[in-house]
Amino acid sequence: MEIPAELEAKIEEVITHYPISKRSASLPLLHLIQEHFGFISDEAIGWVAKKLELQPINILELVTFYPMFRQEPAGKHHIRVCRTLSCAMAGSYELLNTFCKHANINSSTSGHGSHLLKSSDGKYSIEFVECLASCGFGPVCMINDDFYEAVSAEEVPQLLQKYS
Amino acid sequence: MIFKNIDRPGWTIDIDCYLKDGGYEELKKALGMTPAAIVNEVKVSGLRGRGGAGFPCGAKWGFIRPGETKPIYLICNADESEPGTFKDRYIIHQDPHQLLEGTIISCYAVNARLAYIYIRGEFPDGARILERAIAEAKAKGYLGKNILGSGFDLEIYVHRGAGAYICGEETGLIESLEGKRPYPRIKPPYFPAAIGLYMSPTIVNNVETLCAVKHIVRMGGGEFARIGKPNNTGTRLLCVSGDVLKPGYFELEVGGVTFGELINDICGGLRPGHELKAVIPGGSSAKVLRAGERYKLKSRQPDGSMVEHEVGLEELPIDFDSLAAAGSMAGSGGVIVMDDSRDMVWALNNINEFYAHESCGQCTPCREGSLWMKKMTERMLYGGGVPADPDVLKSVADHIAGRTICAFGEACAWPTQSFVEKFRDEFVAYGAKYGNGETGS
């Protein structure tokens with residue numbers, strides 16, 4: 001695992017935000033690592049722990065607790081569909097299935113706790129997430145960092161095309 | 001007031017736009033006051049926390065001991081994740097400087113020199129917008145060393161969460177900010193204002209609450225208290241979702257409208273051919289209200305006497321005290337409307353899945369109970385339910401509430417308790433659908 005100089009500089013800067021305790025920089029560092037590598041490997045966990053003068057378990061327990069961190073690569077484009085009540089009432093389960101259909105993802109194993117659902121070409125991955133805080137305009141989803149509201153099934157193929 | 005600039009034509013998020021509109025004037029005014037005077041204005045204003053619990057903000061600030069020698073921290077809770085709630089999103093994404101100004105004033109009032117904005121991980125753009133706003137404010141001297149020559153120093157950093165609902169609980173948030181799993185802390189005896197971040201006094205306030213502080217400084221606590229009702233002052237950002245024709249986000253005087261007015265006048269009413277069935281009034285944790293219920297409210301008469309009167313759901317005013325009297329809560333302002341097309345067992349199962357997923361796992365009743373409640377509503381819907389399920393479900397919920405370290409226990413028990421009690425017939429029907437005929441007793 002190679003940490004490019006630019007990323008390391010960012011990491012050093014972020015640590016300065018926490019003058020009282022370096023340990024506070026754990027989550028920000030994990031975000032930076034995941035943004036760069038796409039997931040958080042065991043090696044990365046060890047690297048972050050060393051950087052913050054912690055034990056690897058102190059970092060591993062965060063990676064396994066916080067839903068946004070993953071220990072395996074996602075697809076090139078990662079889709080998050082809101083599963084919670086207002087979005088479900090507006091059709092988020094149908095939306096997830098439609099995404100799966102058009103992105104060639106086998107959705108039979110969807111749900112929390114299961115491995116990420118990925119298309120066989122590795123282009124897309126998808127997961128249900130809890131409330132994305134735009135309940136009035138469901139169903140909502142995120143593709144990578146981009147946020148979409150009131151997504152209809154008809155829009156899905158077009159939306160996927162934007163992320164090829 | 002707080003939503004003044006939201007969706008405002010020509011409004012941009014940069015500091016020049018904010019300054020042209022009189023931005024940071026309240027900060028200047030505040031820096032000319034003593035911190036104690038600001039705390040007093042906030043107390044006089046009657047401002048109650050907008051995150052969910054409705055705790056008086058001035059009283060929270062008042063817990064910081066005078067002459068405190070340890071460093072004091074302030075954390076803005078921008079971990080907006082209560083299902084049904086989507087108000088802070090707009091402040092963060094469209095009016096970041098209002099939040100910063102409210103935060104800087106609040107830090108000055110409680111004498112905090114270091115503050116963090118804990119923003120949920122799913123708002124990556126929001127985090128970038130706030131970071132940019134902080135850099136702009138610093139460049140103009142509204143943040144950093146010796147703010148506007150006042151001698152007051154303050155640094156604010158944005159800290160991103162990573163998808164865990166429990167980080168909205170203030171002590172869970174503090175643990176998370178310390179780089180740990182967000183297991184909420186036992187309290188009492190030590191509330192964050194006594195022992196919080198890094199074992200130091202810490203104030204945690206919601207985004208909307210901090211924005212309100214700016215307006216309290218502008219108009220004075222007394223004037224702010226004239227908006228709304230006694231003990232329910234100011235405005236409230238209400239978020240309406242579900243089965244209304246025009247869902248959305250609205251800033252309204254606290255108690256200024258009833259659920260009927262909100263649903264029918266402001267949100268365009270229900271879909272044609274449908275009737276109101278239920279309303280979740282303050283985020284998914286709030287107990288559900290059923291159409292047709294009657295609530296007993298007390299109101300103070302001009303001569304000071306209290307008079308009790310009865311109202312239906314549609315006449316119920318939306319304020320902290322009326323919703324408490326109706327057996328629910330104003331919570332986070334997230335209103336979810338359900339019409340007669342909705343299956344209440346399905347709805348509760350969706351809510352239960354949320355809580356089962358989000359329980360931090362620290363306390364056994366919540367960790368096991370939230371999962372069992374979800375398993376039971378799921379089997380009622382999809383096969384495997386038994387006639388005893390409604391009673392067992394209710395009993396599981398009853399054994400969680402009040403038996404956990406943090407309020408998540410209540411948050412996950414209240415939906416099940418209220419849904420099963422108020423829509424019992426639907427639960428009984430599902431229990432019998434796949435039932436094996438046993439009574440379960």
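Colleague: How far apart do the C-alpha centres of domain 1 and domain 2 of chain A lie?
Modeller: First, this is a predicted model: local features need pLDDT of at least 70, side-chain atom pairs count only at pLDDT 80 or more, and totals for chains, interfaces and linings use all residues. Residues are numbered from 1 along each chain as its sequence is written, while chains are lettered from A and ligands numbered from 1 in the order in which they are written. Chain A splits into domain 1 (5–65) and domain 2 (77–162), with bounds that come from an automatic or database domain assignment. The C-alpha centres of these domains of chain A are separated by 28 Å.

Colleague: How many helices and strands does chain A have?
Modeller: Helices (H or I, at least four residues) and strands (E, at least two) are DSSP runs, numbered from the N terminus. Reading chain A from that end, you get α-α-α-α-β-α-α-β-β-β-β-α. Chain A therefore has, by those DSSP runs, seven helices and five strands.

Colleague: What percentage of chain A is buried?
Modeller: A residue is buried if 20 or more other C-beta atoms, placed from the backbone, lie within 10 Å of its own, exposed if 12 or fewer, and partly exposed in between. Chain A has 164 residues, and its C-alpha atoms fill a box of roughly 50 × 35 × 25 Å along the principal axes. Of the residues in chain A, the buried share is 41%.

Colleague: Which element gives the most to the side of chain B that touches chain A?
Modeller: Two residues are in contact if their C-beta atoms, placed from the backbone, lie within 7 Å. The contact takes 39 residues from chain B and 34 from chain A, and the elements giving two or more residues on the chain B side include α7 (124–139), β3 (155–160) and α13 (344–358). That side of chain B has 17 nonpolar, 14 polar and eight charged residues, where Ala, Val, Leu, Ile, Met, Phe, Trp, Tyr, Cys and Pro count as nonpolar, Asp, Glu, Lys and Arg as charged, and the others, Gly among them, as polar. With six residues, the biggest giver is α13(B).

Colleague: How far apart are the end C-alpha atoms of α13(B)?
Modeller: That helix is mostly covered, as 14 of its 15 residues are buried. The expected span of a helix is 1.5 Å times one less than its number of residues, so the 15 residues of α13(B) should span 21 Å. The model agrees, with the end C-alpha atoms of α13(B) separated by 21 Å.

Colleague: Which residue is the bridge partner of B:L276 in β13(B)?
Modeller: Strand β9 of chain B covers residues 276–280, and five of its five residues are buried. β9(B) and β13(B) run antiparallel and are joined by four bridges. In β13(B), B:L276 is partnered by B:D339.

Colleague: Is B:L197 buried or exposed?
Modeller: B:L197 sits in the loop between α8 (170–177) and β4 (202–206) of chain B. Leaving aside neighbours within four places in sequence, its contacts include B:Y73, B:I75 and B:I174. Because 26 C-beta neighbours lie inside 10 Å, B:L197 counts as buried.

Colleague: Which residues touch the most other members of the largest nonpolar core?
Modeller: A nonpolar core is a set of buried Ala, Val, Leu, Ile, Met, Phe, Trp, Tyr and Cys residues joined through C-beta atoms within 7 Å. The largest one has 175 residues. Not counting residues up to four places away in sequence, B:Y118 touches B:I75, B:C167 and B:L173, among others. The residues touching the most other core members are A:I126, B:I75, B:A115 and B:Y118.

Note on methods
Two strands pair if DSSP finds at least two bridges between them.
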